[in-house]
Amino acid sequence: MTTIPQSHWWVVTDLDGTLMDHHYDWSAAMGAIHCLQRHGIPVIPCTSKTVEEVLCFREQVGLRDPFIVENGGAIYGESATGELWHQPLGPSWSQLRPQLAALEQELGEPLQALDDLSDTDADRLLGLSGEALKQAQRRQCSVPFVPPTTPGSRQRLQLLAETRQLGVVQGNRLGHLLGGGVSKGQALQTLKQRLGVPGVKVLALGDSPNDLPLLEAGDCAVVVPGPDGPHPELQAGVAEGRYRLAPAPHGKGWSAAVLRWIPGLQYDHTPMV
Ligand SMILES: [Mg+2]
């Protein structure tokens with residue numbers, strides 16, 4: 001049997017609902033993160049979150065690895081001297097923001113942007129307030145919004161966005177307006193090229209439809225379920241065997257998946273949290 005050197009693997013992961021639960025708690029994943037760090041395997045966040053939010057998360061977890069923000073809108077990393085570099089991969093927030101208002105008019109239904117939400121609504125919808133909410137609202141390359149409630153309206157919005165060379169992806173709680181062609185999967189390919197590791201193996205983990213391009217780009221793709229099971233739009237991929245299903249929700253399932261499906265880690269006796 002061929003042994004793949006462990007440094008040839010990356011763990012590329014969504015955060016909200018995947019590594020973290022819906023209260024932004026990642027404590028169940030810490031044991032597996034430390035195990036990956038001991039093996040020199042990068043943990044690369046690939047998230048809807050902003051750079052400020054990811055920097056805060058990295059600091060608390062002790063990560064120095066590259067990362068992908070705003071659903072693939074930009075990639076970030078650290079130089080050898082510790083300086084942060086970044087590469088935008090689509091239009092800026094100020095270019096996208098007026099487009100949301102235009103789409104709202106064409107759709108004939110409200111599309112309330114995250115930056116327009118009252119503190120009370122943001123707390124109710126997202127469980128964010130104060131500085132954490134401000135960090136989430138300071139976008140650079142995407143516009144999150146409260147999505148239409150019916151599947152028909154969501155589909156119509158998707159088509160309207162496409163006619164403007166834009167994209168809309170659906171996270172767990174918000175829709176996200178992006179530049180056309182911007183996705184988590186495309187950003188991962190750009191990051192591999194930029195770092196000169198086109199052959200690296202990727203364990204990709206996600207929980208929502210906005211993670212589909214990331215899952216498709218992974219060599220091993222894992223759907224992390226919530227307490228009620230996997231997201232309905234990801235179930236077909238699991239049933240067809242294209243994606244593996246983590247055996248538990250959020251951080252606990254994330255940890256089990258990483259330890260099970262990265263070669264070599266099964267011999268590590270890091271306790272599961
Ligand atoms: Mg998610």
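The model is a predicted one, so to speak: local features need pLDDT of at least 70, side-chain atom pairs count only at pLDDT 80 or more, and totals for chains, interfaces and linings use all residues. Residues are numbered from 1 along each chain as its sequence is written.

Going strand by strand, β3 pairs with β4 (residues 74-78) over three antiparallel bridges, and I68 has I75 in β4 as its bridge partner. Four residues sit between the strands of this β3 and β4 hairpin, and E70 there takes a positive phi near 50°. On to the next pair: β4 and β5 are joined by five bridges, again in the antiparallel sense, with A74 opposite P88 in β5. The hairpin of β4 and β5 has five residues between the strands, and here G82 has the positive phi, near 90°.

The other sheet is parallel. Five strands make it up, in the order β2-β1-β9-β10-β11, and it is open too. At its edges stand β2 (43-45) and β11 (244-245), each with a single partner strand, so one side of each is left without a neighbour in the sheet. β10 (residues 220-223) and β11 pair in the parallel sense over two bridges, and V222 faces R244 in β11. Helix α10 (residues 250-261) packs on this sheet and touches β1 (9-13), β9 (201-206), β10 and β11, its direction making about 160° with that of β9. Contact means that the C-beta atoms of two residues, placed from the backbone, lie within 7 Å. Leaving aside neighbours within four places in sequence, W254 is in contact with T18, L19, A29, A32, L205, V224 and A246.

Next, a look at C46, which is found in the loop between β2 and α2 (51-61). C46 is buried, with 32 other C-beta atoms within 10 Å; the cut-off for buried is 20 or more such atoms within 10 Å of a residue's own C-beta, exposed is 12 or fewer, partly exposed is in between, and C-beta atoms are placed from the backbone. Beyond neighbours within four places in sequence, the contacts of C46 are V12, T13, D14, I68, K184, L188 and L214. C46 and E83 are 37 residues apart in sequence and 20 Å apart in space, C-alpha to C-alpha.

Helix α2 has V51, E53 and V54 as its buried residues. Seen down the axis of α2, these fall within an arc of 160°, so they line one face of the helix; the arc is that of the directions from the helix axis to the C-beta atoms. They pack against β2, β3, β4 and α5 (130-137). The face turned away from the buried side of α2 carries the exposed residues E59 and Q60. After α2 comes G62, with a positive phi near 85°.

Finally, the domains. The chain is divided into domain 1 (6-89 + 183-267) and domain 2 (93-179), with bounds from an automatic or database domain assignment. Their centres, taken over C-alpha atoms, are separated by 23 Å. In all, 18 residues of domain 1 are in contact with 15 residues of domain 2, and α2 gives the largest share of the touching side of domain 1, four residues.

Conventions. Pairing = 2+ DSSP bridges. Axes fitted to C-alpha atoms, helices over the stretch in contact; angles between N-to-C directions.
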